[in-house]
Amino acid sequence: MKVRYAVTALSVSLAGILSIANFEGYADKVMIPVPGDVATGGFGHADNRLPVGQYVDEAQAVAWLKDDIEKHRAYLVECVKVPLSQSEFDAYLSFAFNVGGNAFCNSTLVKKLNSGDYQGACEGLKAWVYSGGVKYKGLETRRNIERLMCESGQYPQPSSWLDRFIPEFKKISK
């Protein structure tokens with residue numbers, strides 16, 4: 001049986017940060033990742049005010065990641081009314097980071113979760129594989145991994161390129 005805690009008592013784990021960073025990748029230049037998307041740089045930091053092509057150094061990317069994680073954690077605290085395990089929290093944080101806080105809070109997935117349907121909420125992740133009406137293999141992969149994190153506590157093995165960021169990521173996790 002999973003040990004669950006009030007969402008207000010949870011913070012992202014190092015494994016959760018590594019998962020988000022691995023999913024998002026590191027872009028040292030601001031770009032538009034898919035047609036119709038928002039300007040994005042660093043580890044998935046999305047902001048239309050960023051000029052496409054702007055250089056993003058590693059320190060800025062880590063600072064943005066920290067701020068973005070805190071921003072999306074606040075959405076979980078606001079919208080999730082039931083206790084979560086650490087891996088459930090990390091999976092939903094990754095999901096909210098990717099789809100945005102408003103989409104997360106207004107999702108059927110959160111309604112299921114708040115009604116106590118933990119399994120249904122985890123399964124609900126697999127529906128979120130489209131962007132702009134187009135199905136993306138990368139989103140299918142991400143949702144399958146988030147679902148594994150949610151259901152069984154299995155985290156993905158982070159890519160070795162993330163090793164250099166671990167000391168900074170440890171400062172973000174608590």
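Guide: Ser-11 counts as partly exposed, because its relative accessibility is 22% and that label covers the range between buried, under 20% relative accessible area, and exposed, over 50%, as computed with a 1.4 Å probe on protein chains only. The model is a predicted one, in which local features need pLDDT of at least 70 and side-chain atom pairs count only at pLDDT 80 or more, while totals for chains, interfaces and linings use all residues. Residues are numbered from 1 along each chain as its sequence is written, and side-chain values use heavy atoms, with hydrogens and water left out.

Ser-11 has its place in the segment before helix H1 (14-24), where helices (H or I, at least four residues) and strands (E, at least two) are DSSP runs numbered from the N terminus. Although 66 residues separate Ser-11 from Val-77 in sequence, the two are 10 Å apart in space, C-alpha to C-alpha. For a second pair of this kind, take Ala-127 and Tyr-155, which are 28 residues apart in sequence and 20 Å apart in space, again C-alpha to C-alpha. Ala-127 lies in the loop between H6 and strand S4 (130-131), and with a relative accessible area of 54% Ala-127 is exposed.

Ser-173 belongs to the segment after helix H8 (166-172) and is buried, at a relative accessible area of 15%. A polar atom of the Ser-173 side chain lies 3.4 Å from the backbone oxygen of Lys-170; the limit for a polar contact is a pair of N or O atoms within 3.5 Å, where within protein one must be able to donate a hydrogen and the other to accept it, and residues adjacent in sequence count only if both atoms are side-chain atoms. When neighbours within four places in sequence are left aside, Ser-173 is in contact (heavy atoms within 4.5 Å) with Val-12, Ser-13, Leu-14 and Ile-17.

The next topic is the cysteines. A disulfide is a covalent bond between the sulfur atoms of two cysteines. The structure holds two disulfides, each term resting on a pair of cysteine sulfur atoms within 2.5 Å. In one of them, the sulfur atoms of Cys-79 and Cys-105 are 1.8 Å apart, and the torsion about their S-S bond is about 95°, so this disulfide is right-handed. Because Cys-79 lies in helix H2 (residues 58-79) and Cys-105 in helix H4 (residues 101-105), the pair ties together parts that are 26 residues apart in sequence. Both ends are out of the way of the probe by the stated cut-off, Cys-79 being buried at 10% relative accessibility and Cys-105 buried with a relative accessible area of 16%.

The other disulfide joins Cys-122 to Cys-150, with an S to S distance of 2.0 Å, and at -70° about the S-S bond this link is left-handed. Here Cys-122 lies in helix H6 (residues 118-124) and Cys-150 in helix H7 (residues 137-152), so the pair ties together parts that are 28 residues apart in sequence. Cys-122 is buried with a relative accessible area of 3%, and Cys-150 is buried at 0%. With the bonded cysteines of the chain numbered in sequence order, the pairing reads 1-2, 3-4.

A search of the whole structure finds 10 aromatic pairs, and rings of Phe, Tyr and Trp (its six-membered ring) pair if their centres lie within 6.5 Å, with planes under 30 degrees apart counting as stacked, over 60 as edge-to-face and the rest as tilted. Among the pairs found in that search, Phe-43 and Trp-161 have ring centres 6.4 Å apart and planes at 10°, so the pair is stacked. Phe-43 lies in the loop between strand S2 (40-42) and strand S3 (45-46), and Trp-161 in the loop between H7 and H8, so parts that are 118 residues apart in sequence are tied together. Phe-43 is buried with a relative accessible area of 1%, whereas Trp-161, at 30% relative accessibility, counts as partly exposed. For Phe-95 and Phe-104 the ring centres are 6.1 Å apart and the planes at 65°, so the pair is edge-to-face; Phe-95 is buried at 0% relative accessibility, and Phe-104 is buried with a relative accessible area of 0%. Ring pairs also link Tyr-26, Phe-43, Trp-161, Phe-165 and Phe-169 into a cluster.
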